[in-house]
Amino acid sequence: MDFIGVVLGGDMNTYGVARAFYEKYNKKTIVIGKHPLYPTHPSKIIEGYYYDKILEDDCLIESLTKLNEKYPSTKKILFGNTDFYVEHIMKNRKRIESISNTYIIPMVEYSLFQELFCKETFYKLCEKYGLNYPKYQIFDFKKDNIDEFIVNFQYPIFIKPANSVIYSEYNFVGKQKGYKIENDNEFRKTLNIIKDSGFKDKFIVQEYIEGNDESMYVVTAYVSKNNKVKVITTGKILMHDRTPELIGNYSAITNAYLEDFSLKIKEFLEKIKFTGIGHFDVEYDIKRKKFYVFEMNIRQGRSNFYTYASGANLIEQIVDDYIYNKDNQFYIANNKFTVSIIPKFLLKYCLKKNGQQRDFGKFYRFALANYDRNILRYLYQARWDYRIVKGFLKYNKNKIK
């Protein structure tokens with residue numbers, strides 16, 4: 001049966017999906033976005049279509065209608081590469097499915113997406129089903145007074161938007177995905193900066209989990225259309241992007257095997273009747289010796305190619321489930337690997353600066369696959385490498401001070 005992958009948005013996340021498709025099926029992936037950008041452009045494994053107004057409902061439907069006219073009998077598996085695009089798909093699910101029955105949307109219904117996506121309601125589900133999560137408070141920019149709000153935890157604390165899609169609509173100097181806050185003064189100053197941008201939603205104010213780069217993990221699962229977990233895989237973070245707007249994204253990731261915790265994630269996903277790809281940000285508290293879940297993405301993560309390297313091709317799982325109706329057996333992936341944006345020698349150098357030495361296992365250069373190389377890609381990648389390493393060294397210099 002003929003099928004293709006279609007991804008809304010064209011960043012690192014999308015390229016990971018495209019590589020997994022190409023590695024298994026030797027097929028190009030369709031990318032629909034606002035404009036071409038690296039690493040999905042220029043690329044031999046991407047077929048790109050770009051629309052300035054793709055984030056508008058009617059433009060999305062028009063673009064998918066045109067794609068269906070080009071590939072009328074081909075099954076089209078639809079992905080979103082960011083929370084915003086995933087929500088865009090879910091809100092328009094009925095309209096998309098009415099274009100053609102060839103569109104496959106391997107995702108939960110919108111109501112469950114909203115419950116999982118909002119940090120406040122997600123933590124309530126964690127409480128109900130036995131996953132550890134950081135203690136938290138809610139600061140509501142519509143109701144709460146910045147000067148009068150009492151923080152119930154000792155500093156440092158961590159704050160982040162309850163809804164990252166809403167937060168993404170606001171831009172201001174010093175904006176970050178989340179903020180480590182050292183004292184009360186910094187807390188109120190940061191909230192005032194966010195408030196002055198016009199932001200009117202909620203922020204999560206949570207206890208800071210005592211850990212380091214060595215204690216951070218990502219856990220990814222695929223759950224079938226019948227709400228059964230088929231595979232779980234864990235990655236251990238080796239190196240972070242240190243630029244403020246991309247803090248929390250990973251520049252290098254390696255294998256980890258957390259059997260007991262993986263089984264807890266499996267139980268959680270099956271009890272809430274999840275479907276599709278679920279991606280968890282997790283940290284190990286070195287004081288309490290427990291794993292804590294920070295958030296869940298209702299999609300593949302930005303660093304999702306690590307799942308392929310670990311021995312869990314999520315694309316193959318989806319194709320088996322929706323195209324071939326296979327009922328695969330559950331397993332926890334455990335291949336030894338390292339997936340890195342930057343070259344191996346630079347990664348070794350950066351880790352050495354941090355006092356780390358590791359066996360990399362099979363090493364994957366994320367954006368420079370053997371089957372997808374050209375001069376432009378090398379030039380783009382060199383600029384990317386420079387920015388990442390510069391940010392890392394600057395961070396470590398400041399940390400030493």
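1. Which residues does Thr-14 touch, not counting residues up to four places away in sequence? They are Val-7, Gly-9, Val-31, Thr-40 and Asn-81. Contact here means heavy atoms within 4.5 Å. Thr-14 is found in helix α1. Its relative accessibility is 0%, so Thr-14 counts as buried. Buried means under 20% relative accessible area, exposed means over 50%, and partly exposed lies in between (1.4 Å probe, protein chains only).

2. A word on the basis. This is a predicted model, in which local features need pLDDT of at least 70, side-chain atom pairs count only at pLDDT 80 or more, and totals for chains, interfaces and linings use all residues. Residues are numbered from 1 along each chain as its sequence is written, and side-chain values use heavy atoms, with hydrogens and water left out. Helices (H or I, at least four residues) and strands (E, at least two) are DSSP runs, numbered from the N terminus.

3. Helix α1 (residues 12–25) also meets helix α11 (residues 314–322). Their axes come within 8 Å and cross at roughly 65 degrees. Axes are lines fitted to C-alpha atoms, for helices over the stretch in contact, and angles run from 0 to 180 degrees between N-to-C directions. On the α1 side, the contact is made by Val-17, Ala-20, Phe-21, Lys-24 and Tyr-25. On the α11 side, Ile-315, Glu-316 and Val-319 take part. The residues of this contact of α1 with α11 divide into six nonpolar, no polar and two charged. Ala, Val, Leu, Ile, Met, Phe, Trp, Tyr, Cys and Pro count as nonpolar, Asp, Glu, Lys and Arg as charged, and the others, Gly among them, as polar.

4. Next, α5 and α6. Helix α5 (residues 110–117) packs on helix α6 (residues 119–129) at an angle of about 90 degrees, with the axes 5 Å apart. That makes α5 roughly perpendicular to α6. From α5 come Gln-114, Glu-115, Leu-116 and Phe-117. From α6 come Lys-119, Thr-121, Phe-122 and Leu-125. The residues of this contact of α5 with α6 divide into four nonpolar, two polar and two charged.

5. What is buried in α6? The residues are Lys-119, Glu-120, Phe-122, Tyr-123, Leu-125 and Cys-126. Gly-130 follows α6, and its phi is positive, near 85 degrees. Asn-132 is found in the loop between α6 and β6 (136–140). With a relative accessible area of 29%, Asn-132 is partly exposed. Leaving aside neighbours within four places in sequence, Asn-132 is in contact with Lys-290, Phe-291, Tyr-292 and Val-293. Asn-132 and Glu-97 are 35 residues apart in sequence, and their C-alpha atoms are 37 Å apart in space.

6. The structure holds 37 aromatic pairs. Rings of Phe, Tyr and Trp (its six-membered ring) pair if their centres lie within 6.5 Å; planes under 30 degrees apart are stacked, over 60 edge-to-face, and the rest tilted. Phe-122 and Phe-268 have ring centres 6.2 Å apart and planes at 90 degrees, so the pair is edge-to-face. Phe-122 lies in α6 and Phe-268 in helix α9 (residues 259–271), so the pair ties together parts that are 146 residues apart in sequence. Phe-122 is buried, at 0% relative accessibility. Phe-268 is buried too, with a relative accessible area of 0%.

7. Phe-305 and Tyr-364 form another edge-to-face pair, 5.6 Å centre to centre with 80 degrees between the planes. Phe-305 lies in helix α10 (residues 305–310) and Tyr-364 in strand β17 (residues 362–365), so this pair ties together parts 59 residues apart in sequence. Phe-305 is buried at 0% relative accessibility. Tyr-364 is buried at 12%.

8. Two lysines sit over rings. The charged end of Lys-27 is over Phe-3, 4.7 Å from the ring centre. Lys-175 lies over the face of Tyr-167, at 4.5 Å from the ring centre. The criterion is NZ of Lys or CZ of Arg within 6 Å of the ring centre and within 35 degrees of the ring normal. Tyr-167 also belongs to an aromatic cluster, whose members include Phe-139, Tyr-170 and Phe-203.

Key:
Angles under 35 degrees count as roughly parallel, over 145 as roughly antiparallel, 65 to 115 as roughly perpendicular and the rest as oblique.
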